[in-house]
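Subject: Handover of a structure and notes on its features

Dear colleague,

Please find below the structure that I am passing on to you. My notes on it come after the model.

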Amino acid sequence: MMRDTSLDVAVVGMAARLPGPSDFRQWWDGIVEGQTFLASIPRDDLLRRGVPAHHVDDPDYVPVHGVLEGVDRFDNDFFRISPREAERMDPQHRLALEVAWQALEDAGVRPNGGALRTGVFASSTGSTYLRWILARQQPDPGAMDDLIHGTEPDFLASRISYKLGLTGPAMAVQTACSSSLVAVHLAVQSLINGDCEQAVVVATGMNYPQAGYIHLPGGVQSRTGRLRPFDSEADGVVGGSGAACVVLRLLSDVNDDEVEPHGVILGTAINNDGSGKAGYYAPSLEGQERAIREAIHTADIDASTLGYLQMHGTGTSVGDPLEWSAASSALTAEGAVPGQIAVGAVKANVGHLDACAGLASLVTTLTVLKTGTVPPIAGFRELNPLIADPTSPLFVPDEATPWTAAEPRRAGISAFGIGGTNAHVIVEAARRSPETAEAPRSDSTDGPLVLPVSAASAVALTRTTEALADWLDAEKPALAEVARTLVTGRAELNHRRAVVASTVQEAASLLRRRPDEAPQPTTTPPLIFAFPGQGAQRPGMAKAYQQVLPGFSAALDSVLQALPLPLRDRVSRALNDSEFPADQLDQTDLAQPAVFCLQVAAVSALRELGVKPSAVLGHSLGELAAATAAGVLDVGAAVAFVVERGKAMQACPPGRMLALACSESQARELIAGTELEIAAVNGPEACVVAGTEEEIRLLSERVDAGTFQRVLRTTRGFHSRLVDPALDALRDAVSGLTNLPATCVFASGLRAGVSEVGEVPDPVTWVDAARSEVRFGDALAALAVRFPGAVAVEIGPGRPLASLLEAADLRTAALGSPKPETSELALRTGLLDLWAGGYPVALADLTPPARAVHLPAYPFAGPRHVPQVAADAPIITTAAASTGTPATGAAEAGQPAEPVMTDPATLVQTSWRELFGHENLTDSTDFFDAGGDSLLITRLVRKLNQALGIRIPVRDLLRARTLSGHVTVVAEALQKQN
């Protein structure tokens, strides 16, 4: 009979920081080799960590712990937490935030995306960090609030939900050693009941400081400092530190294009021993057996299908025999046979992680199922004779062995808490759908792919790209899957980099290249669309846009519909056919509508992609495209006018145009005494002259050899007397145009300054623009003043305006290339450059469908955060605490200060530094961006009021927000007081 899989839950994401190597692959290799990661801590280190010397020197002190490196480091800026607040957070809370983010990334989900209703089920060990601080310091009431909220388990889940934008249930789950496996059970139930669509189960276990312990004869802690579950020499438990997180979803909700699950949860069960045992701290055989059997029933399986059991395995004289007996009895009753199920106990490797123990066991078990390798129990030599039973279905592997049990691979995980709350989970190896299982992995693609990477800092960005490059080299994945995951499954952070690649090898190589170092702007600069005119057209110039820009084809078809039928076909062929005769396309009556239609369609597609300008400008014909992009001209009416413009100018006498790298005054000297005219002044050293072909030839011969010159690809002398015959036709055509209010800033060479949003240009402008000299340089200069630091995007074939834009001190993002064969790459790269610059480019629309994959996690490596009290500060005595006398090195106990008149700026700056722990504050620093909130601002008000002896309204500081604003509020309050 087939089991019902509708309630199965997939483990789609996973992250862990456990004692041992930080790289999970290396950590797993150590597990397979049977290594123990318990460390003996030197005496000097223990003293530096604040362990009292009389403890360290006690003959019963055991200086062993499963040490987790780097627990004092936390990327507080990443989570918009001030240094002061971070310092008052238990390292467990910091670790939980980081592993929760990493697990969501591993699940192929944007941690701050909010697409799924996500619940958080969090467990942590009681805060010895808080106790350590309070033993040495008497915080003021405000600091005490911070400490409580930053250390108590009650606030962990809701803090994660708040910082990651998760809107499902958020709850603390605290049942001692079984906490995190109980949290898994509750998360599964929440998913099944519809309380959430996705569940984050996160747990941390850590004492502060990480140190050894005093062995008590007859106690549960090991005298030897070795944790040897089920071994004949087992003598107790050893503590460890760690953090782990899993992301769960109903298996039926996981689509084939999402990440392959790490495994599947088939059933869970929890219970409590009740009073039927020797004492509160004692385990219960009946309670444990009942939990295991209930989980098997919930999973709707037979125990004969199980091949592995991750035991609670504390290595204690009472716990081990009882757990072995309970598991043997339960599994036998449910169909297991002698010697069927291999036993594991990861505590032997990393120590007992307390509230995190269950998740550490789950992560280990899922890896067993995924790899098909059953590791030994570290340090195991001989089975405890008290549990040796040839009829038991359990056995301890003495070395790593391949999976030989039933398929599909199934396993159980147990966690039993002090006080009697028991939990058991049944898991199964993930099975890929037939379609994805049979599909060969290939590095071939339909074309170049975009690979975006982002981080919260420049250093983290470097680490992220290096880690991804190494992973690509090692895994050789399907590049389309990597691209899709990076685009849809990663948050878009402020520091960005992206590459375009066609193969895994190319991607890894590009990621390893050092990018040009440029300061990351604090805000996204304004974006300018720049439209070239006639002259850069080439056959097939729309092909790159067709291939890269979604929405372009439909937009182009729509624009082409406004053309008269014979011309429509010619323009369409000229735009899409690289073999179209170039000399035909150079004719004005075809070139102008072709370039214009391309530009208008490109703007439409870019807008759909999220790329929108703050301002536009155009060169000659490009001014009409710019006006259309600004909403000044209706597309249909503008197309009709461009068609008439092209026809009228085609009917004009032939002419030529010569570009010169010289000033306007030099150009006028060169043409003095001739009928040549200045057609365009594109910049301080860039002019264009127009006239007949013979006039241009003679001028070209007179120009000094050191002056750059280039004959443009035109057959008419635009913006000169040679187009005068077209003006009457243009005046007739412009009568059909109605200019509309501009929707963005519009710069034109026909007027000084810029046209602001809402302005309506005179339609006669478009006739004047055809005859007057193009003052493109003036328009550029006006925009550079209006939008300093702006980025210009050239829209059209090639990059004819690039040098002019850069000469005007505008940064450019190139969407085109002068070489047709590199046009697609240039367009993709240009769009990625915009994204890397902070612009909202919808990269998902540029990425082909593919299955998401598990990629390397974000490499958190923040600064150190330690309590503001010396590790060797004396312990506060009862007498000192009762009299309110602080110990040496302790903070004042929050006694009201006498009013002290001081400089407002100094007082506010000092207060901000004390509250935030920031040193690099500026006048424009925002209180809330720096990590402040409504609670912290009330403490700021209290500080200021006490220091100044006045009352400053909270609402005034809430409105002011910035440091300089707060200084102004305080100064004005003092003036009123005086």
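The notes below treat the chain as a whole, then its strands and helices, and then its salt bridges.

This is a predicted model, in which local features need pLDDT of at least 70, side-chain atom pairs count only at pLDDT 80 or more, and totals for chains, interfaces and linings use all residues. Residues are numbered from 1 along each chain as its sequence is written, and side-chain values use heavy atoms, with hydrogens and water left out.

The chain as a whole

The protein chain contains 36 helices and 29 strands; these are DSSP runs numbered from the N terminus, with helices being H or I of at least four residues and strands being E of at least two. Taken along the principal axes, the C-alpha atoms occupy a box of roughly 115 × 85 × 50 Å. Of the 978 residues in the protein chain, 55% are buried. Here, buried means under 20% relative accessible area, exposed means over 50%, and partly exposed lies in between (1.4 Å probe, protein chains only). The accessible surface of the protein chain is about 39500 Å², and carbon and sulfur atoms contribute 52% of that surface. Accessible areas come from the Shrake-Rupley method with a 1.4 Å probe, and for residues only the protein chains shown count as cover. Among contacts (heavy atoms within 4.5 Å) with a separation of 6 or more, 79% are between residues 24 or more positions apart.

Strand β1 and its partners

Strand β1 is largely enclosed by the rest of the structure, because 7 of its 9 residues are buried. Two strands are said to pair if DSSP finds at least two bridges between them. β1 runs antiparallel to strand β9 (residues 242-250), to which 8 bridges join it; in this pairing, Val11 has Leu248 of β9 as its bridge partner. β1 also pairs with strand β10 (residues 263-272) in the antiparallel sense, over 3 bridges, and there Val9 has Ile265 as its bridge partner.

An open sheet of 6 strands

A further group of 6 strands forms an open sheet with mixed pairing, in the order β27-β26-β21-β20-β28-β29. The edge positions belong to β27 (754-755) and β29 (811-813); each has a single partner strand, so one side of each is left without a neighbour in the sheet. Within the sheet, β20 (residues 527-531) and β21 (residues 615-618) run parallel and are joined by 4 bridges, with Ala615 in β21 as the bridge partner of Ile528. Helix α23 (residues 622-629) lies across β20, β21 and β26 (745-747) and runs at about 160 degrees to β21. For such angles, axes are lines fitted to C-alpha atoms, for helices over the stretch in contact, and the values run from 0 to 180 degrees between N-to-C directions.

Helix α26

The buried residues of helix α26 (residues 693-702) include Glu695, Ile696 and Leu699. Seen down the helix axis, the buried residues of α26 fall within an arc of 95 degrees, so they line one face of the helix; the arc is that of the directions from the helix axis to the C-beta atoms. These buried residues pack against β22 (656-660), α25 (664-671) and β24 (686-691). Glu693 and Glu701 are exposed, on the face of α26 turned away from its buried side.

Salt bridges

How many salt bridges does a search of the whole structure find? The search finds 44, a salt bridge being a side-chain nitrogen of Lys or Arg within 4 Å of a carboxyl oxygen of Asp or Glu.

One of them joins the side chains of Glu98 and Arg17 at 3.1 Å, N to O. This pair links distant parts of the chain, with Glu98 in helix α5 (residues 91-106) and Arg17 in strand β1 (residues 9-17), 81 residues apart. Glu98 is buried, at a relative accessible area of 2%.

Another joins Glu197 and Arg117 at 3.8 Å, N to O. This pair also links distant parts of the chain: Glu197 is in the loop between α9 (179-193) and β7 (198-205), and Arg117 is in the loop between α5 and β5 (118-124), 80 residues apart. Glu197 is partly exposed at 34% relative accessibility, and Arg117 is partly exposed at 33%.

Arg828 and Glu824 form a salt bridge in which the closest N and O atoms are 3.6 Å apart. Both residues lie in helix α31 (residues 823-836), 4 residues apart, about one turn of the helix. Arg828 is buried, with a relative accessible area of 12%, whereas Glu824 is partly exposed at 30%.

Finally, a network of salt bridges links Glu664, Arg668, Glu773, Arg775 and Asp778.

With kind regards
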